[in-house]
Amino acid sequence: MKSPLVSEVLFHIGPVAIGHQVAATWVLMVALSLLCYFGTRRLEVEALGHLQVLFEAFVETVQSQIRDTIKCEPRRFLPLIATLFLFIFFANLSSLVPGFEPPTASIETDAALALIVFCSVIVEGLRAHGLLGYLRTFASPSWVMIPLNLLEQLTRTFSLMVRLFGNVMSGVFVIAVVLSLAGLFVPIPFMALDLLTSAIQAYIFTVLAMVFIGAAVHEDS
């Protein structure tokens, strides 16, 4: 079995090597874009379609979660949080497709997702407090805490990446081992479990992202 830290190169675009995980990410992004396009192009007020009902329930759930966690109006944070959840959930779920390696089983993809959260925390902190006010939060409750607060910003981003990578990679590894030893049908319970963990990991990642953003927005958090 190849190392999960090494991405297989599929083709090159000029000097840039495109790996399997990057191509899988592009396929997933196109699929999600098409799903959202066809699910929202004919929105109705009375005769709601099944897909519209599903989308509205999802949006309302995310909005409620944002209100409870960040303690702000959800409109500004909804695109980021909903996109993170949908991408991670379907990326994890893609491990059930034969021959398709989930992008979140790659450390590069998880690092990119964690970096998005890291940058979002800084941007929202600056928007909420201004430059000096945001920098002042690192000296809370005392200037002695500045190194620890700066280190915390980095370590919690790193933990986001490692947690998602470890859980998704371990699920893929277990299914691959059982499949190779026991045939096609025995791993079905493991695949059902993988379906559950896909949703849980997506939920944990997005909740932690909301907690970090909420802490940056509210100085007293």
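Helix α6 gives the largest share of the lining of the largest cavity, namely 4 residues. The model is a predicted one, in which local features need pLDDT of at least 70 and side-chain atom pairs count only at pLDDT 80 or more, while totals for chains, interfaces and linings use all residues. Residues are numbered from 1 along each chain as its sequence is written, and side-chain values use heavy atoms, with hydrogens and water left out.

**Exercise 1.** Find which elements of the protein chain have the lowest and the highest mean pLDDT.

*Solution.* Begin with the protein chain, whose mean pLDDT (the predictor's confidence in each residue, from 0 to 100) is 84, with 90% of its residues reaching 70 or more. Then turn to the elements, which are DSSP runs numbered from the N terminus (helices: H or I, at least four residues; strands: E, at least two). Strand β1, residues 9-13, has the lowest mean at 77, whereas helix α3, residues 78-93, has the highest at 92.

**Exercise 2.** Describe the lining of the largest cavity, residue by residue and by kind.

*Solution.* First, a search of the whole structure finds 2 cavities of 30 Å³ or more, a cavity being a set of points on a 1 Å grid where a 1.4 Å probe fits but cannot get out, with lining residues having an atom within 4 Å of a point. The largest cavity holds about 70 Å³ of space, a volume being the space filled by probe spheres set on the points. Next, list its lining, which consists of N92, S95, P102, N167, V168, V172, D194, T197, S198 and Q201. Finally, sort the lining by kind: 3 residues are nonpolar, 6 are polar and 1 is charged (Asp, Glu, Lys and Arg count as charged; Ala, Val, Leu, Ile, Met, Phe, Trp, Tyr, Cys and Pro as nonpolar; the others as polar).

**Exercise 3.** Do likewise for the second largest cavity, and name the element with the largest share of its lining.

*Solution.* The volume of this second largest cavity is about 40 Å³, and around it stand V117, F118, V121, Q153, R156, T157, L160 and F212. Two or more of these lining residues come from each of α4 (107-137) and α5. The largest share, 4 residues, belongs to α5. By kind, the lining has 5 nonpolar, 2 polar and 1 charged residues.

**Exercise 4.** Work out how R76, E124 and R127 are linked, and say whether each is buried, partly exposed or exposed.

*Solution.* The whole structure has 2 salt bridges, each a side-chain nitrogen of Lys or Arg within 4 Å of a carboxyl oxygen of Asp or Glu. In one of them R76 pairs with E124, and their closest N and O atoms are 2.7 Å apart. Because R76 lies in the loop between α2 (50-70) and α3 while E124 is in helix α4, this pair ties together parts that are 48 residues apart in sequence. R127 also meets E124 in a salt bridge, at 3.9 Å from N to O. Since R127 and E124 are 3 residues apart in helix α4, about one helical turn separates them. The relative accessible area of E124 is 9%, so E124 is buried (under 20%), whereas R127, at 53%, is exposed (over 50%). R76, at 41% relative accessibility, is partly exposed, that is, in between. Taken together, R76, E124 and R127 form a network of salt bridges.

Methods:
1 Å grid on protein atoms, 1.4 Å probe; cavity = no way out; pocket = protein on both sides within 12 Å on 5 of 7 lines; lining within 4 Å. Buried < 20%, exposed > 50% of the residue type's maximum accessible area, 1.4 Å probe, protein only.
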